[in-house]
Amino acid sequence: MNDEHPVQNQDSVRGPDGDFTTFMRKYQDMVFTTAARLVRNDAQAEDIAQDVFIKAHEHFEMLSSSPAAGGWLKTVATNLSINHLQRYRNRWRFFSELGGRSDSEGEDAPEVEFAAPDTFFEQVDSDERLAWVEEALAKLPDHQRVPLVLYHFEDIPYDEIARRLGVSLAKVKTDILRARAALAKILSRGGDSLASFSS
Amino acid sequence: MSTQDTEKLEASIHRVLRSLPDRRAPASLEARVLAELSRRAALPWWRKSYAYWPLAVRVGFLAGSGLAAALIVSGIFVLVRSSGATALAGDVAQRFSWLILARELLAAAGDRIRALVGAIPPLWIYGAVGAVALCYATLAAIGAATYRTLTFARQNP
């Protein structure tokens, strides 16, 4: 949660708006993180988070007393982020996918070399290690990062991811496998590999 | 990679990713949301969607719309059944007689174009279509190559 909040006048803190401010403070990090991990752009993630809370305000009567408010916000943030990515993707998909090897469908699973998975997250609790993982995640190409985030963070099954992204099931599975392999490589080599991964 | 390795990798990555804490939202987010809510709240009711209109206005709008629809339907009914309807139809047809002339002109122009195209040797047409397709493919290839080059340069500075 943020420690520094914009100064509110007393009127906005009392009453329903005050409740909404408290509600927003409770969930804003989660909503922003959900959007930022999907769109990989903090400014766009903030725009999406703003839209999410505007929608939440319209349904605040229902959300304020609902134990599922967090889930509702996460789902809306995910849907708005996917819509945002789809708009951008449709605009550029012709040029970016023309002859592109990375987006080909139904390829065989890649050969992956990584250290024993039991060992590479031994020190994962350290702040530095978490920063590596976050940075490595951000550096994955969209077509790998988005399904990986949807699968591991949002618990959406493969077929649902394929349907929502408008791609084949085989492509989703291959992209997620490659994304995991790329992350595993970084984690098994430590922070030094982050630079080589991005090149 | 064996199935066992794949499952192990999936479980390990899942654990690592789930251990990531939420990122801190920008401090400006809260102020932006509240400002947008204030702006929307300050809008007059007639600039908001129907659901936000006052109840009396919504009821009045529905009643007015129903009355207008009834008036239009009954007006048309009366007009069609009146004795002056035939005269009115003739008058309207006379006013729009230029449409018939325009249709005849278009048909004549179409006949001329068909005759002209029929006189062109098929080889010329195929050649022109081929040239246009070639130009389109060349432009698409240049555009794609430029985009991919620029994207690659941006991702690998």
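**Helical architecture and shared core of the predicted model**

From the N terminus on, the elements of chain A run α-α-α-α-α-α-α-α-α-α-α. Chain A thus has 11 helices and 0 strands, where helices (H or I, at least four residues) and strands (E, at least two) are DSSP runs numbered from the N terminus. The model is predicted: local features need pLDDT of at least 70, side-chain atom pairs count only at pLDDT 80 or more, and totals for chains, interfaces and linings use all residues. Residues are numbered from 1 along each chain as its sequence is written, while chains are lettered from A and ligands numbered from 1 in the order in which they are written.

Confidence is expressed as pLDDT, the predictor's confidence in each residue, from 0 to 100. Its mean over chain A is 77, and 66% of the residues of that chain reach 70 or more. Within chain A, confidence is highest in H3(A), at 95, and lowest in helix H1 (residues 10–13), at a mean of 40. The pLDDT is below 50 over residues 98–109 of chain A, a stretch with 15 contacts in the model beyond near neighbours in sequence. Residues 191–199 of chain A also have pLDDT below 50, with 13 contacts beyond near neighbours in sequence. Two residues are in contact if their C-beta atoms, placed from the backbone, lie within 7 Å. Among contacts in chain A between residues at least 6 apart in sequence, 67% join residues at least 24 apart.

Of the 199 residues of chain A, 30% count as buried. A residue is buried if 20 or more other C-beta atoms, placed from the backbone, lie within 10 Å of its own, exposed if 12 or fewer, and partly exposed in between. A nonpolar core is a set of buried Ala, Val, Leu, Ile, Met, Phe, Trp, Tyr and Cys residues joined through C-beta atoms within 7 Å. The largest such core holds 45 residues, of which A:Ala35, A:Ala49 and A:Val52 touch the most other members. At least two residues of this core come from each of H2 (15–39), H3 (42–58), H5 (69–97), H7 (127–139), H8 (142–152) and H10 (169–189) of chain A, and from each of H1 (3–18) and H2 of chain B. Because domain 1 (10–88) and domain 2 (111–198) of chain A both give residues to the core, it lies between them; the domain bounds come from an automatic or database domain assignment.

Contacts of A:Ala49, not counting residues up to four places away in sequence, include A:Gln28, A:Ala35, B:Ala25 and B:Leu29. A:Gln28 belongs to helix H2 of chain A and is buried, with 26 other C-beta atoms within 10 Å. Apart from neighbours within four places in sequence, A:Gln28 is in contact with A:Ala49, B:Ala25, B:Leu29 and B:Glu30.

In chain B, helix H2 (residues 28–42) has 15 residues. Its buried residues are B:Leu29, B:Glu30 and B:Val33. These cover an arc of only 100° around the axis, which puts them on the same side of H2(B); the arc is that of the directions from the helix axis to the C-beta atoms. On the other side, B:Ser28, B:Ser38, B:Arg39 and B:Ala42 are exposed.

Two loop residues of chain A were noted for backbone geometry. A:Arg40, in the loop between H2 and H3, has a phi near 60°, a positive value in a residue other than glycine. A:Asp155, in the loop between H8 and H9 (158–165), likewise has a phi near 60°. A:Arg40 counts as buried, with 20 C-beta neighbours inside 10 Å, whereas A:Asp155 is exposed, with 9 other C-beta atoms within 10 Å.

Notes
The expected span of a helix is 1.5 Å times one less than its number of residues.
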